[in-house]
Amino acid sequence: MKRIISILCVAVMVFTLSACGLDELKIGSDSSETKFNTGSVSGNKYTNDFIGISCELDENWVFMTNEQIEENNKVAMGMVGEDYKEAVEKATTFTDMMATHVNGTDTLGVAFEKLSGSNASLTEEKYADMSTSSLKGALESMGMTNVQASTGETTFAGSKHACIEITAEFNGIAVYEKLAIVKHQNYIICITACTWGTDSCDANLGMFKAI
């Protein structure tokens with residue numbers, strides 16, 4: 001079950017990152033522009049100074065290590081003998097964090113997409129609207145049934161942002177997914193919570209704080 005959830009969470013982030021563009025919204029308290037950098041995990045805490053967020057999880061959660069994230073991104077980018085930091089700065093999309101609960105039903109993830117050209121003119125709301133149909137089809141192709149995807153607004157790390165909420169079934173089990181959609185500088189970020197059986201997406205996304 002845990003492996004299926006992890007695959008689902010990654011797939012959702014990838015497919016929602018197929019749309020492009022947002023209006024800029026700042027999460028952190030510092031309004032000055034910060035230099036791009038990926039986040040990192042230390043102990044039970046994920047921190048991304050570039051976006052201005054952190055997420056401290058209890059002992060029931062297991063983070064994918066920095067090394068595992070790097071290896072996964074290298075495979076996804078088809079990297080061979082390249083400098084990882086440089087490759088990520090040039091990448092269109094990449095995963096920044098993944099964590100799975102020991103209950104085998106909850107997953108959290110953070111994924112980035114780099115914007116360019118006219119993409120940056122879209123709002124968060126428009127991005128969400130553009131993503132729902134492709135996301136619905138992607139989940140159905142993975143064997144999900146009764147897939148429903150709607151857009152709305154959510155509070156993430158103390159600020160209002162667009163979001164996508166998903167309900168579906170897999171082998172008779174209810175699946176819930178919520179994605180907070182954020183833009184910072186020339187990146188959009190999808191912060192994804194996935195739960196099975198019971199909808200605890202809001203509670204899990206609520207563990208992210210602004211720094």
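Student: Why is asparagine 146 called exposed?
Tutor: Its relative accessible area is 51%, and a residue counts as exposed over 50%, as buried under 20% and as partly exposed in between, with a 1.4 Å probe and protein chains only, so asparagine 146 falls on the exposed side. This is a predicted model, in which local features need pLDDT of at least 70, side-chain atom pairs count only at pLDDT 80 or more, and totals for chains, interfaces and linings use all residues. Residues are numbered from 1 along each chain as its sequence is written, and side-chain values use heavy atoms, with hydrogens and water left out.

Student: How do you know whether glutamine 185 is buried or exposed?
Tutor: Its relative accessible area is 12%, so glutamine 185 is buried. Glutamine 185 also has a positive phi, near 50°, without being a glycine, and its place is the loop between β9 and β10.

Student: Why is the pair of phenylalanine 36 and phenylalanine 50 called edge-to-face?
Tutor: There are 8 aromatic pairs by the rule used here, which takes rings of Phe, Tyr and Trp (its six-membered ring) with centres within 6.5 Å and calls planes under 30 degrees apart stacked, over 60 edge-to-face and the rest tilted. In phenylalanine 36 and phenylalanine 50 the ring centres are 5.2 Å apart and the planes stand at 75°, so this pair is edge-to-face. The two residues are 14 apart in the chain, phenylalanine 36 in the loop between α1 and β1 and phenylalanine 50 in the loop between β2 and β3, and both are buried.

Student: What makes the pair of phenylalanine 36 and tyrosine 187 stacked?
Tutor: Their ring centres lie 4.8 Å apart and their planes are at 15°, so the pair is stacked. Here the link spans 151 residues, from the loop between α1 and β1 to strand β10, which holds tyrosine 187. Phe36, Phe50 and Tyr187 belong to one aromatic cluster together with Phe94 and Phe112.

Student: Which residues have the most contacts inside the largest nonpolar core?
Tutor: They are Tyr46, Leu108, Phe112, Ile191 and Phe208, in a core of 34 residues. Such a core is a set of buried Ala, Val, Leu, Ile, Met, Phe, Trp, Tyr and Cys residues joined through side-chain atoms within 4.5 Å. Elements that give two or more residues to it include β5, β6, β9 and β10. A second, separate core has 18 residues, among them Tyr127, Ile164, Ile166 and Ile188.

Student: How do you know which strands are the edge strands?
Tutor: The open sheet has 7 strands in the order β4-β5-β6-β10-β9-β8-β7, with antiparallel pairing, and two strands pair if DSSP finds at least two bridges between them. Strands β4 and β7 each pair on one side only, and they are the edge strands. Between β8 and β9, which run antiparallel, there are 9 bridges, and alanine 168 stands opposite valine 175 in β9.

Terms used. Helix = DSSP H or I, 4+ residues; strand = E, 2+ residues; numbered from the N terminus.
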